[in-house]
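Please open the model in your viewer and keep the selection panel at hand. The stops below proceed one selection at a time.

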Amino acid sequence: MSIPFQELLEFDVATLSGKLRARDISPVDLTEAYLSRIEQTDGSLRAYITVTDTLARKGAKKAESELAAGKWRGPFHGVPIALKDLVYTKGLRTTGGSKILADFKPDHDATVWTRLKRAGAVLLGKLNLHEFAYGITSSNPHWGIVRNPYALDRIPGGSSGGAAAAIVARSAAATIGTDTGGSIRIPAALCGCVGLKPTWSRVSRYGVLPLAYTLDHVGPITRTVRDAAMMLQIIAGADRNDSTSSRERVPDFSAGLDGQISRMRIGVIRELNDGLSDDVARSFNAALDTLRSLGATVDHVTIPSLPLTGVMNGIITWAEALEIHEDWMRTRPQDYGDDVRRILEIGMMTTATSYIRAQRARARTLAESIAVLADRDVLVAPASAIVAPKIGATQILEAREDRVDVVAAILRFTQPFNSTGQPAIAIPTGLSPDGLPIAMQVIGRPFGEPEVIRVAAAYERARGALAPPPEIA
Amino acid sequence: MPLVTGETVKQVMRDLYGYEISEADADAIAHSAGAMLTLAGHLRAIGLAGIEPPFGYPVLLAEAALVVKARS
């Protein structure tokens, strides 16, 4: 007896994987369920730029025949996924969320897609994002404003806004995002799902449209920590096409998923534990209590240069992004959205000396962070000072009557770990009284994803399920 | 004294990028860029002596090898 579409959509990848392998469900039915869900929700959400329905059906049929023949490619075999639309897909439109690349069809696949395809994943489509990944609202002037599934008048965060919205709306089983200042973790935090930014160089950037070469990371956005670990397992590891990809051994990221954290030591970063809205502060403190109740030792640590990482990230991104966009800024400035063109224009004023100094300063902050991790397993911090703001808001009024700049209130928490390149995961800690998601980050040593995943998974189990978003018409 | 003025912004955009922007926009850009560049000057204060920029020779060699491979 076939399982109703609605029920199929509720399975996480870990569950789907077992059912697909056992042939309890069909990849063809599963893909149809997701395509139907996209059709039902995407008029409101605008999570997708391109739906690859023909390709998805073809991939699902192939998976079905392989599974029937007993050829199992791994946990993503037959699983419908989607990619942020700056991940190259050979012969398929890859827009970067821009007008400039509206008709761009790459002549090769990104390594992340090559690896997922080889693992049997089915591609549902390409996901909407902030134009060229240069912003955190995903209010895209060319491809539509992505909306938060928990409240359609609010931003999903960005730049991987479509990826997080699709996960929460159940219009993809797992997605790939990118993160230069927080673009995986911010949308995961504001939409209420899991976003894992691995260590810089852990995942190949080959075939991923860059925003800032030395700060860009590629990683999963998923429903659960387990799904994120499973997806990272497929995409991680050295790539001969990306000279900066790490040759560090790839561990079993799922090994610690069911482990206890009773002997683990967790540091709360002082520099990121202020300026929080009351709802975020309450939720973060409750999460710390949960970690303590699981037996972890929680104390406070200080990383003195961390507040200056905003300058480091800002200067480096301005310079590197402008180098990438320079020709288009000369020939097609009118084809950028106002906000992205403005920030590229600001980048024109960056000096070479400030860029080099910002690059050098990253080592100082990383050294301070590694020092506090010498006798701790992971660090934790909120993922944002605020819940998802309304679309179009540039400032919000907090309960204490302070006007808070929206971008600063969010980026301040995520960009330090782009500067340091450390692994960091965003995981929901609950909903605000208004029903909006709140999240924390777990941050590890360089290449310390297993500890990050272990702590996040233990917390996720203790937290229990989040209330789902309202039905999307 | 701002590090960057609206006049500088207008000139850079005109001479290097070939388009004009309004004075108000140029002033806003100058303000944002000037503030960040001032803060960048403060980075020295966190102690950068002896720290090299993170651009290693192994990456340069590997990139050269990729270029050679692409040509052959």
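This is a predicted model: local features need pLDDT of at least 70, side-chain atom pairs count only at pLDDT 80 or more; totals for chains, interfaces and linings use all residues.

In which segment of chain A is S2(A) found? Select S2(A): it is found in the segment before α1 (5-9) of chain A, where helices (H or I, at least four residues) and strands (E, at least two) are DSSP runs numbered from the N terminus. Residues are numbered from 1 along each chain as its sequence is written, while chains are lettered from A and ligands numbered from 1 in the order in which they are written.

S2(A) is exposed, with 9 other C-beta atoms within 10 Å. By definition, a residue is buried if 20 or more other C-beta atoms lie within 10 Å of its own, exposed if 12 or fewer, and partly exposed in between, with C-beta atoms placed from the backbone.

Next, select S138(A), in the loop between β3 (122-127) and β4 (139-140) of chain A. S138(A) counts as buried, with 36 C-beta neighbours inside 10 Å. Its phi is positive, about 60°, although S138(A) is not a glycine. S201(A), in the loop between β7 (194-197) and β8 (217-222) of chain A, also has a positive phi, near 90°. Most residues other than glycine have a negative phi, and most peptide bonds are trans. Now select S159(A), in the loop between β5 (144-145) and α6 (161-168) of chain A; the peptide bond from G158(A) to S159(A) is cis, with omega near 15°.

Turn to chain B, which has three helices and zero strands. Its radius of gyration, taken over C-alpha atoms, is 19 Å, well over the 11 Å that the globule rule (2.2 Å times the number of residues to the power 0.38) gives for 72 residues, so chain B is more spread out than a compact globule. Its C-alpha trace spans about 50 × 40 × 15 Å along the principal axes. Of its 72 residues, 14% count as buried.

Finally, display both chains together. The contact (C-beta atoms, placed from the backbone, within 7 Å) takes 26 residues from chain B and 25 residues from chain A. On the side of chain B that touches chain A, α2(B) gives the most, with seven residues.

Note on methods: Two residues are in contact if their C-beta atoms, placed from the backbone, lie within 7 Å.
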